[in-house]
Amino acid sequence: MISAFFIFNQKGEVLISRLYRTDLKRSIADVFRIQVVSNSDVRSPIITLGSTSFFHVRVNNLYVVAVTKCNANAALVFEYCYRFIAIAKSYFGKVDEESVKNNFVLIYELIDEINDFGYPQNSEIDTLKTYITTESVMSTNVPAEESSKITTQATGATSWRRTDVKYKKNEAFVDVVETVNLSMSAKGTVLRADVDGHILMRAYLSGTPECKFGLNDKLVIDKSERSGLGDAVELDDCRFHQCVRLDEFDSTRTISFIPPDGEFELMTYRSTSNVKLPLRVIPTVTEIGTSSVSYVVTVKTNFNNKLSATNVVIRLPTPLNTTTVDCKVPNGKAKYVPAENVVVWKIPRIQGGQEVTLSATAQLTTTTHRQVWARPPIDVDFQVLMFTASGLIVRFLKVFEKSNYHSIKWVRYLTKASGSYQVRF
Amino acid sequence: MATFRAPPRKGENYELSADLNSEYKDKRKDAIKRVIANMTVQKDVSGLFPDVLKNMQTDDLEQKKLVYLYLMNYAKTQPELVILAVNTFVKDTDDPNPLVRALAIRTMGCLRAEKIIDYLCDPLQKCLRDENPYVRKTAALCVAKLYDLKPELVMENGFLETLQEMISDSNPMVVANTVAALTDIHDAAVANGLDSEIFVVTNTVLNKLLVALNECSEWGRVAILNALSRYDTQDERESEHICERVVPQFQHANASVVLAAVKVSVCPTCNGARGFKRGHQVIMIHLRNVRSDNLTKQMIRKMAPPLVTLLSNPPEVQWVALRDINLLLQKRPDILSSEMRVFFCKYNDPLYVKVEKLDIMVRLAGDNNVDALLSELKEYASEVDVDFVRRSIKAIGQTAIKIDEAAERCVNVLLELINTRVSYVVQEAVVVMKDIFRKYPSTYEGVIPTLCANLDELDEPEAKASLIWIIGEYANKIDNADELLGIFVETFTEESYPVQLQTLTAVVKLYLRKPDSSQGLVQRVLNTATKDCDSPDVRDRAYIYWRLLSTDPGAAKSVVQAHRPTITLPRTTVSPALLEELIGEISTLASVYHKPAETFVGRGRIAASAVPRKGSELEDDQNAARKAFQTVAAGQQSENLLNFDDPTSDEQPSGLAATQVLAATPAAANLLSGHSSNPLDDLVSIFGNTGMTNTPSQPQGGLSVGLGGLSFGAPISPAPPMTPSVLQAATPGPMLQTHQQPQPPQSASEDLLGLF
C-alpha cells in the first residue's frame, strides 16, 4: 500500500513529507525530483524505478505524490490523491504552494487521519471537520461523550452524518449540472456527443432524514432493451455517493439515502442518446494562398426563446505564423491572443432563437519551411440555465423524518461546456 | 506563523530549544510548529528531542499530534530517549477520550524503536478489545505495524487470533481494517516464504465480508472486495451469489471500488469455470454449462456501462481504467463491442490517455465501425504531437491487417497521408505499408510508384529499410528497381545496419528475379558488404548469400524466396497464462503495466531462473513454457530498465504496435541481425528440416524470414501456435525466446524508459 506521501512545489522542493511505512527512506523524494520534476519529458503518471513506484497528480503547479513499493492498487492510489486535494480545497480554499505552506500543520494532521499505515481511512470531509479543525481543540474542553459521538460517526454505517443536526428551516437544494462533451467533424456530423451529469445537493435538514429521489430516467443497462421512448431519459450509467443504498438501487431502482449535512454530490450519470446540443457552431475557414486565412463562424442557439446562453467563449485556432487578426463581431468581443494562437470571442449572452456571426481574417507571415497547419478544433464554452442537454428532470424528492417536519426543496438546472465542446473545421 | 521557513539564522536550534522550554504555552506550541517545518525541509532538528518530548504531556490535541509526528521521525535515531515517552503513551491509551486512545496506539505502532515495542503489546491487547470502534479499527492496523517490526511478538501474544475474531466485529469499518491488516500480514509472510495460511477466506468469513461490504467506507470496500477475489468458490451457486452481492458496487462513485468490483466479478466467473472442470466427469455437463454461460453474459452486460463511465474520471484514473479495459478486452473482446465512440480521443487528453485509447479502438474495430475509426485516425494523423501521429498511422495499418474488407480503405487513407508530404507522416506510412504488403502480398502494387516517389524524403532507417524491402519483394514488377536499389548501394557504407541488411537482401532478390540486368549490382553490393563493412552481421550475411549464389542458385532461390507465413494481429499482447493472472489483479500496478508483479516488486525482483519453477506448477505445460519465456524476456527487460545510463533506452513505440523494430534492446539486436553468434547454425537447422520450411510455424517463419530478408525485429504476431518441442528442434537460444515474446515487457517498460 501507500508507503509515503509527498507534496512538491514546481521546483521540486518538498513541502510535505510523510512516510507511512518503513520500507522507504525520506531520500526517495530526491529520486522523484530528479526523475520527474526536473525531467521535461514525463509521459506517464506512474513511474517505476527499481521496485519503487511513484504516482503523481499535478494541481496548480504542485505535485501530489504517493509512493509504493508493492503491487499497489493504482486506481485507489490516484483516487486517494484526488480525495486529498478535495479535502484540502474544502479546508483552505485553494490548493497551491502558498496555502500548503500556511497550513502545513493542518495538512499533517489530515494526512495522518485519512491514512494509517498506507491504508486510506475515513475521508468524508463533513466528518473530518468535526474533529480536525482549524482552531486547536482542547481535549479537556470536549466532553467524553462528544468525542465518542465523533468516533462512532467516523466508523459507523452512516459515517457521513452527525445525528444532532438542527435547522429552523428545513431546506434542500438540488442542482442538476450537465457538462456536454461534443466532437463534431468538419462536415458537421456528430462524432461523439454525450452528457456527464452531476446532481449536487445541499441538504439543510434536521435529524436523520430519509430521502427518496426520483428522475424521469430509465436506466438502460442493455442497449437492446431500448423501446418506447416517451419522455423518459435514457441514462447509460450512473454512480452514487456512498450514502445511497446501492443494493436497494440494484433491486428496485429507487434512489434512497440519508444525506450528509450540507453540500455533496448525490449522483453522477452519463447519457449518450438524444443529446440536445444547445449551441451549434458552423465554421467556414478558408486558407487564402499562404498569406491569410479567412473565418466566417456562425453560432446558432438551439433552445427556447426564454432561455439564454451566458458566458459564451469561443476559441478559434489560428495558424502558428499569424501576425494580426482582423475581427468583426455583432455581439461580444473578439481578440487575437498570440500566446495561445487563438482568437478568443467572448459573448456575455445569447438569447434563445438568436444567431451571431463572426467574420475575421488572419494575416500570416511567410515561413521558410513547409508545415501543414494542424487545425486544432474550435472550442466552445458556455452555460445555459434551466436547460438540460439530456432532457433530465427531477420528478420528486421526498424527505421522511421522525418529527415529520415540512421541508422546502429547490431544483436548478444548468448545462455547460468547458474545454470539451469541440468542433473541427 | 510568520517565521516559518525563514532562512536559517545562527543558532536557530538554540533559539528553538529556548522557546520549547518557555513558560508560555503559545510560545512552546509555536516552537513545535517551527521544529516540524524544519523537519519537513530536512534540517536536522534531532538535537531538540528532549525539549520536544517535554511538551508531549498536554491537553492540546493539535500540539500532541505535532509532538507525535516529531517522535515518529526521530524515534529511530534516539532510541534511548524514546523510552521517556513510553509512560505518556501508555497513559494515553487509558484516556477517556477515544480519539486520544486511538492516537496513542496509532503513533506507538509507527515508532521504529526496539525498546518501545515491548511496551506496545499490553496497550494493544487492551485497545483491540476497546469498546469504541474507532479505537478498535486503529488497533487492528497496529497489529500489522507490529508484524512488520517484530513478527514473533504478534505470534506470541496471539494477536493474529484476535484479528481473526475481529472479522465478526459489528462495526463495518473495523471489519474492513481487520481485513486490510490480515491481508498485509499474509502478504508479508508469503513474501518471506513463511506460513501462507494466515488469512484464508473461508465460507464463514465470506458471509461476514459480504455483510460488511454494503456498509463500510469506500476504502474499506476496496479492501473487502480484494479479499473476496481471493476466495475460491466451491460451486456455481456460490459464485453467482458473490456476483449478485458485488454487482451493486459498480455504481459506486469511487473508481477504485468499481474496478475492485469488476475484479471480483471476473474472478468468480473464471473460478466457476475451474470448478466446472473439476466436476466435469461427475455431474451433468450441459446444465452447468448453460448456466455458467448465462452468468457470464449477465455479468458482462452489467460491467460495460460502469467501465465506460470510468472515462469521465481525472486523466490518471482514466489511464488506469483504460489499461485494465485493454486487458479485459483481450480476455473478452465482446464486452464493449458497441462502445468504440467513447474511446475517441479528445484534443486535450494527455498523451498517455490518447495512446491507450488508440490501442483500444483498434481492438474494438470491426466491419460495422471501421469507417468511423478510419476518419478519426486520419484526423489524429494531422495533430501536432509527432509520437501520437505516428501511433495513429500505425493504428491504421493494424486496422488494415485486422479487417480484410477494410484494407483497401486503409490503404487509401495512407495514400492521402503520404500526399501531405510531412516527413514523419510519410515515413511512418511507408513502414505501415510494408506490413500491409506482408499481409496481402501482391494486392496493392498500384501504391508502389507513390511510395518510390517519396524515396528522397526518407531519412529514418526503419522507413528506408521498409521501402527497400518492398522494392526487393516486387523487384520484377518495378521497372527501375535496379536504379532505385543502386542509389542505396551507392551509399551502402553510410547507411545504418538494418538498411544495409535490407539492401543486401533486396539486391539478391532482384538478382534472382532479373539475373541479366543486375549482375553488376549484386557483385558490387556483395563486394562492399564483405570488404568495407564493419558489421559482422552484414558481412556474414553477405558471405552466406555469396556462397549460396555461387554454389547452388536453386538453393539460393528456395531460401531467399521461401514462402513466408502471413502475419496477423495478435489478439493478446501477453501470454494466456499471464493474462489470466493479470485479470485477477485488475486495477493494481501489475495490470497497469501488463506484466507480472514479480518483475517490479520485491527485494531482488525476480531471478530468471526462479520463474520456470513457478511456472511448472501450472497444470498446463504449454502455458508454463510460454510463461517462462515470457518472464525471462520480461526479466531481461527489467534489468535494462535499471540501467539508468543505458543510451539505448530512448523513446520506444509500444503496445499493440507490434510492428516496430526492437532495435534498441540487445537481445533484439541479435534478432535483427539474423543471429549474431553463429548464423550458419540457423541455416543448418533450416536445411536439416526441409519439411519444416514450408510449415507456417513461427520459428522457422522467423528464421527464413530473417534470411529471406525481412528482419524487422518483431513480427506482427509474436505468439502464433507453436509448441516447445518445435522450439527445441530449431536452434534454442535467446534469440528465439525474445523473438517469440518480444512485446509484453516492452509495452510496460515504455512508460519507464520514456523517462531516461
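The model is predicted: local features need pLDDT of at least 70, side-chain atom pairs count only at pLDDT 80 or more, and totals for chains, interfaces and linings use all residues. Residues are numbered from 1 along each chain as its sequence is written. Helices (H or I, at least four residues) and strands (E, at least two) are DSSP runs, numbered from the N terminus.

**Helix H18 of chain B**

- The end C-alpha atoms of helix H18 (residues 351-364) of chain B are 20 Å apart, which agrees with the 20 Å that its 14 residues should span at 1.5 Å a residue. The expected span is 1.5 Å times one less than the number of residues.
- H18(B) is largely enclosed by the rest of the structure, because 14 of its 14 residues are buried (under 20% relative accessible area; exposed is over 50%, partly exposed in between; 1.4 Å probe, protein chains only).

**Sheet of chain A**

- An open sheet of four strands runs in the order E16-E17-E22-E19 (chain A), with antiparallel pairing; two strands pair if DSSP finds at least two bridges between them.
- Strand E16 (279-288) and strand E19 (322-328) of chain A are the edge strands, each pairing on one side only.
- E16(A) pairs with strand E17 (residues 292-301) of chain A over 10 bridges, in the antiparallel sense.
- A:Pro283 lies opposite A:Val297 in E17(A).

**Asparagines with positive phi**

- A:Asn61 has phi near 70° and is in the loop between strand E4 (52-59) and strand E5 (62-68) of chain A. A:Asn61 counts as partly exposed, at 43% relative accessibility.
- A:Asn404 has phi near 60° and is in the loop between strand E24 (394-400) and strand E25 (408-417) of chain A. A:Asn404 is exposed, with a relative accessible area of 67%.

Notes: Chains lettered and ligands numbered in written order. Heavy atoms only, no water.
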